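Biologist: I'd like to learn how to read a structure like this one. Could you walk me through it, feature by feature?

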Amino acid sequence: MKLSVASLNQAFLRDKQSNCSTPRWTCLLLLGMLGVSPTLWAQQSEAPTASDSQTIQLLLQRVAELEAKVRKIDQLEARIKQLEGEKPAPAATARVSSPAPAQTNTPSEMETSQQEMPAVAERMDLSKTLLRIRGFGDITLHGDDQKGDRTSFSLGQLDLFVTSDISEKFKFLSEIVFEGGPDNIYGVTRGQNNVFAVDVERYLIEYSHNDYFKLAAGRWHTAIGYYNTAYHHSTWFQTATDRPFLFNFEDRGGILPIHSVGLSASGLIPSGRLGLHYVAEVGNGRASRSPLTDEPVQNVIDEQSHKAYNLALFARPEAIRGLQVGFSVYRDLLDPLNSPRISESILAAHAVFTRPSFEWLNEALVVRHSPLGLSRTFNTPGFYSQVSKQFGSWRPYLRYQYVNGSDTEPVFPDVGLRHGPSAGLRYDASESVAVKLQYDYTALRRQNAVNALALQIGFTF
Amino acid sequence: MRLSCCLCILVALALLPGVLPRGTLESAAYPPEEKPGERNLAIVVNLNNPVENLSTPELRRIFLGERGHWPNPYGRRITLVMLEPGWPERAAVLSIIYQMSETEFNNHFLHGLFTGEVFVSPKTLASPEGVRKFIFNVPGAIGYLRESDVDKTVKVIRIDERLPDDKGYKFHVPLR
């Protein structure tokens, strides 16, 4: 090989002498390769098998030394454990009683016991917080052609979602929301335009006995329909820039008891592949004197002893992943000032199909108000349908919504008839940031239709 | 010109074995030995868990967080253990069980926790050793390991009545 390299060198020199027009790059390449060739050849020519076997021997010796050290460390750890471990940890007890053979005095067990951090001790450690906080927020530029409205940048709700695993069976969950702007309760405006306020929107302690029975106490989003318990106060989660009108919050002109304070039970119903679930709630319901009170959600004092009830059933059949079909019945007795009591029933039904890249939401409900002593019942029907499909980072969507309240409706005479389509495009700029552009057309009874445009950035952090 | 090109090629061919990284040569000469069961993904639980078998839909519900507790009488809260992103085992689970991307997986659990339907978020660990230790210590834990990473500190359960070595077992993972 050496000879052949030398002869190549000679041939190259001969060629170089005889042909001065050889391109310079070829010469440089050859020179470079020939320059490194002795080194490479030297690597190959130095009895490789002997060198490798020596290296292997050295490595094996080194491995043996390291193994001996590890064994020594294990013995020391075992000794330390023996000296310290007068009181065995619960997990260690479980281990002894477990069916696995030879689970004591092994190095792996020693490593494992080092990792043990009893949950109870962790929970009692006052130097650590058990809170987990996730945030959601949005900022919107919006405008419309309704008289008196002005195009504005708006800070949306700053939503802090706080949870804590209190124990294996108990969990705390809350949503603390900072939001600006005036409230609109059944058409009555209160508060200042640009002042922020804090609302505790959810505040729950949950007990999970098993999958068939969970009990929660506190303030929750009422299980009327689907939307209310699917998106809560996070704009980032929802596809569109805003909630359907039917599910607007109480302080944003909404007509439903979105929040309630009381007790809620939920869980699975043994139903095999049908996947039936139930939710049963009893709470204070919504204040019926809302225009005259500070807060439509009765957080502390109910205006009456009668309680509101809600029962929801829904199915998530195993055969069609992403499908949820259900209905709910809500009952309350309203006690407005200077008028007879009103029996309130809200019947809702939904069929939604949600997959990561596709959603089709359909919900319909009717709010029935029957003033006691009168034969007339006021029905306010409403529905919405929303469909969207993900194409990479883009998600176009369409929504049509409808609500039709009587002008003589005793509780929310401001609602009337409103219906129309919305079209929008959501762009997921990152895993945690979405930019949405939405156009709304809303037809109103005896008023001009409203065209609105909104550009929103929603995010989680 | 032609001669110099030929010479270049000849020299390059002559030097090729020396230029190649030694590992390449060694791996060609001594291909890495595949450990038995290295391609099988075992579903593992705590040794005290009496569950022996799960159907694929049941397993999927558990991994999605739709089931929060093991059936009675064990009744323990289910704690799902995931390896960190980047592990082939995790990629296999996302593909086979979740049928989701990483982003969809994260959104699923974030949304589930937000709605309250998922009681506890998955525990993410850095290595198979960590998974073994965690499952060993947490009675309600469930996770996944290569069969070659399984030892006596965890219990392998059957999926659709099949163990990882059985014919027709569905959960496999590429070699590392």
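**Reading the two chains**

Modeller: Let's start with the order of elements: from the N terminus on, chain B runs α-α-β-β-α-β-α-α-β-α-β-β-β. Helices (H or I, at least four residues) and strands (E, at least two) are DSSP runs, numbered from the N terminus. That gives chain B six helices and seven strands.

Biologist: And the ground rules?

Modeller: This is a predicted model, where local features need pLDDT of at least 70 and side-chain atom pairs count only at pLDDT 80 or more, while totals for chains, interfaces and linings use all residues. Residues are numbered from 1 along each chain as its sequence is written, chains are lettered from A and ligands numbered from 1 in the order in which they are written, and side-chain values use heavy atoms, with hydrogens and water left out.

Biologist: What share of chain B counts as buried?

Modeller: Buried means under 20% relative accessible area, exposed over 50%, and partly exposed in between (1.4 Å probe, protein chains only). Of the 176 residues of chain B, 49% count as buried.

Biologist: Which strands form the open sheet in chain B, and in what order?

Modeller: Two strands pair if DSSP finds at least two bridges between them. Here five strands make an open sheet with mixed pairing, ordered β4-β3-β5-β1-β6 in chain B. The edges are β4 (123–125) and β6 (155–156) of chain B; each has a single partner strand, so one side of each is left without a neighbour in the sheet. Strand β3 (residues 79–83) of chain B runs parallel to β4(B), joined by three bridges. L83(B) has L125(B) in β4(B) as its bridge partner.

Biologist: Which helices pack on that sheet?

Modeller: Look for contacts, meaning heavy atoms within 4.5 Å. For directions, axes are lines fitted to C-alpha atoms, for helices over the stretch in contact, and angles run from 0 to 180 degrees between N-to-C directions. Helix α3 (residues 56–64) of chain B touches β1 (41–45), β3 and β5 (141–146) of chain B, with its direction at about 110 degrees to that of β5(B). Helix α4 (residues 88–98) of chain B also packs on the sheet, touching β1, β3, β4 and β5 of chain B, and its direction makes about 125 degrees with that of β3(B).

Biologist: Which residues of α4(B) are buried?

Modeller: An α-helix has 3.6 residues a turn, so residues three or four places apart point the same way. In α4(B), the buried residues are E89(B), R90(B), A92(B), V93(B), L94(B), I97(B) and Y98(B).

Biologist: Over in chain A, how many bridges join β18(A) to β19(A)?

Modeller: Eleven, and β18(A) and β19(A) run antiparallel. Their hairpin has two residues between the strands, and R446(A) there takes a positive phi near 55 degrees. On the other pairing, strand β17 (residues 417–428) of chain A and β18(A) are antiparallel over nine bridges, and a hairpin of four residues joins β17(A) to β18(A).

Biologist: Where does Y441(A) lie, and what stands opposite?

Modeller: Y441(A) sits in strand β18 of chain A, and N451(A) in β19(A) stands opposite. At 33% relative accessibility, Y441(A) counts as partly exposed.
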